[in-house]
Amino acid sequence: QLQLVESGGGLVQPGGSLRLSCAASGSTIDYYAIGWLRQAPGKEREGVSCISEGGRSTNYADSVKGRFTISRDNAKNTVYLQMNNLKPEDTADYYCAAQDEICTDNGWTYWGQGTQVTVSS
């Protein structure tokens, strides 16, 4: 059973940066695609980024392309989301999730508990 724990959220000013971490336990992440999703107050949850098992492919929501970078360190069983040039509209609860091998929109099997990101001056 894979357990996921997010960290790294917080309050940041517009234009600032944060790095979110998704630490896995209970199983290796080697064979899982790992994604980041977010949900802002009053809005539906949306996919932000995903990285396939092995890291061969990544994808990003249009709203974060060029600003966010997803990466994985299988040796540390951890996936990261580097968020630069943050905007107020990035404010949300961010969740990491896992599914088998490749990134699909709705195939998430395991979820973390979320970490809050607030972008405000």
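This is a predicted model: local features need pLDDT of at least 70, side-chain atom pairs count only at pLDDT 80 or more; totals for chains, interfaces and linings use all residues.

C50 and C103 form a disulfide, with their sulfur atoms 1.9 Å apart; a disulfide here is a pair of cysteine sulfur atoms within 2.5 Å. The torsion about the S-S bond is -85°, and this link of C50 and C103 is left-handed. It connects distant parts of the chain, 53 residues apart: C50 is in strand 5 (residues 46-51), and C103 is in the loop between strand 9 and strand 10 (110-111). Strands, like helices, are DSSP runs numbered from the N terminus, with at least two residues (E) for a strand and at least four (H or I) for a helix.

Residues are numbered from 1 along each chain as its sequence is written, and side-chain values use heavy atoms, with hydrogens and water left out.

The cut-offs are under 20% relative accessible area for buried, over 50% for exposed, and partly exposed in between, computed with a 1.4 Å probe on protein chains only.

The structure holds two disulfides. The other one joins C22 to C96, with an S to S distance of 2.1 Å. Its torsion about the S-S bond is about 65°, so the link of C22 and C96 is right-handed. Because C22 lies in strand 3 (residues 18-25) and C96 in strand 9 (residues 92-100), the pair ties together parts that are 74 residues apart in sequence. C22 is buried at 2% relative accessibility, and C96 is buried at 0%. Counting bonded cysteines along the chain, the pattern is 1-3, 2-4.

Let me turn to the cores. A nonpolar core is a set of buried Ala, Val, Leu, Ile, Met, Phe, Trp, Tyr and Cys residues joined through side-chain atoms within 4.5 Å. The largest has 29 residues, of which W36, L81, M83 and Y94 touch the most other members. Strand 3, strand 4 (32-39), strand 5, strand 7 (68-73), strand 8 (78-83), strand 9 and strand 11 (115-119) each give two or more residues to this core. Beyond its neighbours within four places in sequence, M83 has contacts, meaning heavy atoms within 4.5 Å, with residues including L18, L20, F68, Y94 and V117. A second, separate core of five residues includes A33, C50, A97 and W108.

Which strands pair with strand 9? Two strands pair if DSSP finds at least two bridges between them. Strand 4 runs antiparallel to strand 9, and eight bridges join them; Y32 has D100 as its bridge partner. Strand 11 pairs with strand 9 in the antiparallel sense over three bridges, with V117 as the partner of A92. Strand 10 is also antiparallel to strand 9, over two bridges, and there Y110 is the partner of A98. Seven of the nine residues of strand 9 are buried.

Finally, the backbone. E101, in the loop between strand 9 and strand 10, has a positive phi of about 65° although it is not a glycine. E101 is partly exposed, at 46%.
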